[in-house]
Amino acid sequence: MTTTQTQERPGLRAGNTPGSLEKAKARRDRRTYTALLIPAILGLLVSFVLPLAYMIRMSFNHGEADGVIIEGFTLDSYIQPLSDPFYWKVTLDTFQMGVVVGVVCVALSYPITLFLARTTSKYKSALLAIAIAPLLTSAVVRTYGWMVILGSNGLVNSSLEALGLISAPLKLTNNMLGVQIGLVEISMPYAILAMISGFGRLNPQLEEAAGSLGASKFQIFTKVTLPLTLPGVLTGFLMVFVLSISTFITPTLLGGGSVQVLATEIYDQTTGLLNWPFAAALSVILLVLFGAVVAVYQRLTKKLGG
Amino acid sequence: MNQSKLSIVDLTKRYAPGLDPAVDKLSMEVEEGHLVALLGPSGCGKTTTLRMVAGLMDPTAGSIIVDGRDITQTPVNKRGMGMVFQSYALFPHMDVAQNVAFGLQMRRVPPAEQSRRVAAALDMVKLGHLAKRKVRELSGGQQQRIALARALVVEPTLLLLDEPLSNLDAKLRETMRSEIRSIQQRTRATTLFVTHDQDEALDMADRIAVMNGGLIEQYDSPSVIYERPNTRFVADFIGQANFLTASVVADNGPTASGGATAGGASERNYTVDVDGLGRYGATGHPGFVGSTRELVVRPHRLRVSLEARGGEAGIAGTIVGVSYTGDTVGFSVRVGERTLQAQFMTSSAAVPRPGDSAYLSWNPSDAYLLPGNPEVAAA
């Protein structure tokens, strides 16, 4: 009788304690997962981690004019920008530009995203494709487009003049305003994409429920729609902020040399003055700015989610 | 609690011109404190009707009147109704107490009174201890009760329930059924309840409106709907039914029970000729002699005997199927071209087998001539 039982239940034989089969399977599974991750890890290592480490290492070298780099370990490249009010202003301008562009871009993209998230039209995917179609042309081309529209003889100024609203052309290019206008439009597809993924909790029945409980259209928006879409709004803002403080094409072209942000400074130091350690140090400062905003973002989303 | 009377007059909804209306000139009255079920298959217009009453959808024509006041043009947030949605629609960014307080907040009820009424509403659904919970930490049954509390705390003119039990598992559904019913009876809130589940409607409602194709087929109490269906659709949708074609041969006078028809005239006993299978008794509205109508008999009202007894032979048939479920046993009996269903409580007696002969008969009061359907051509 005992023998029969043992034969019927091989899992209880010596060496196979209860659960050991599951453990062995879990070990095999872990090995499979690790193997599948290796290509991605290798790719990131080569294309991201190593260059970043190299950049950080570079920022501690001493750089001189004409591209002479003296290997060593010095804080020269950090002391210089941190002690120079010009670089403080550049950093502040960069941050401010990111915030302004982020806020305006999200505000303009919000109604579009809300419409796209809510519509039950059969053209929904087509409409979404149209909303993000600007991504098909490069930012350079779109920036040139804005230069033509915003220039002294551009569409905006000539229209306003023709209407007799202004006598002299408004200065809409070669300054921060022009850069911000350009960045807002260029970032909108990203804002829409980032936000629409965060609008998942929106459900027409929730708005109907609020209405049936006595909320006006405005109250439905402030008490239900907006709070439910806030995670998406934050993600959209973060996306636009990060993109706009790191881009140098639009500030360079629409700024016409008179707009200095960290990205344009880094570009100038790298390709113009060939002071790589200094450019590297500015890049690290930009990275810290990113990090700070991401940390705030994470705290906020955690609060909203919890 | 407010008790309001709801009248719906010629309510029509056409989603697009040229399309058949989803709700077609529907009229009905709901008495104060009643729970009325709108019952029908999907697409019959029951949810559309409810949404128009709630103000979530504009009617194409007709009017909705609450306590004598026409509210057809009143926006949803001014109607003062409480609605429970199929998905419950609890606000995920608020806790339980905030959800329940929402309607009071919108009505600018003072905070002290708000918290008192929220606590009372949560106690009513027995979930006072969950006030600070997040919505997503609740089970389906708990969410459903919170949704009910949220709708009732504002003391609505009408309570509207849109398939409130369809997302619960079978066991919980039964519990919530009686709970909703008892809360409704305590608050005496006039309630309109949409469901596709006949058991739910029979169990909970004071009156049932059976809907089909945008029209009300019958609006009556559950027992009348079951015992005296107006049309073949109602008889078929509520419970199980056997349909036979019967030519009415003779009027045998008013029924002993004196059951009254909708028109006020009392029901008559008739002798009918069933598909040439013999003459049997049946019940129906007055004035049916000489017409051919559909006759409905519920499976458990059919008598089945295995041998012909005395004068009451019954319709002879052959048992072709037996389904034994413990409590009941069902027979499929083949009679000529058609198969009839019969059902009984089981007893210790031997269960007949397929192939056995059987004789079917019924009490005249259990065979009902459908008044709502047009006469059928004699077979």
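Helices (H or I, at least four residues) and strands (E, at least two) are DSSP runs, numbered from the N terminus. The structure is a predicted model, in which local features need pLDDT of at least 70 and side-chain atom pairs count only at pLDDT 80 or more, while totals for chains, interfaces and linings use all residues. Residues are numbered from 1 along each chain as its sequence is written, chains are lettered from A and ligands numbered from 1 in the order in which they are written, and side-chain values use heavy atoms, with hydrogens and water left out.

A salt bridge is taken as a side-chain nitrogen of Lys or Arg within 4 Å of a carboxyl oxygen of Asp or Glu, and a search of the whole structure finds 21 of them over all chains. One joins Asp29(A) to Lys25(A), with the closest N and O atoms 3.3 Å apart; because these residues are four apart in helix α2 (residues 20-59) of chain A, about one helical turn separates Asp29(A) from Lys25(A).

Also in chain A, the axes of helix α3 (residues 76-83) and helix α4 (residues 85-118) come within 5 Å and cross at roughly 80°, where axes are lines fitted to C-alpha atoms, for helices over the stretch in contact, and angles run from 0 to 180 degrees between N-to-C directions. The helices α3(A) and α4(A) are therefore roughly perpendicular to each other, a term that covers angles of 65 to 115 degrees. Their contact (heavy atoms within 4.5 Å) involves Pro81(A), Leu82(A) and Ser83(A) of α3(A) and Pro85(A), Tyr87(A) and Trp88(A) of α4(A).

Between the chains, 23 residues of chain B are in contact with 20 residues of chain A. The buried area, which is the accessible area (1.4 Å probe) that two parts lose on being put together, summed over both, is about 1,900 Å² for chain B and chain A, with 60% given by carbon and sulfur atoms. Across this interface the rule finds one salt bridge, and Glu208(A) forms a salt bridge with Arg51(B), the closest N and O atoms lying 2.6 Å apart.

How values were computed: Angles under 35 degrees count as roughly parallel, over 145 as roughly antiparallel, 65 to 115 as roughly perpendicular and the rest as oblique.
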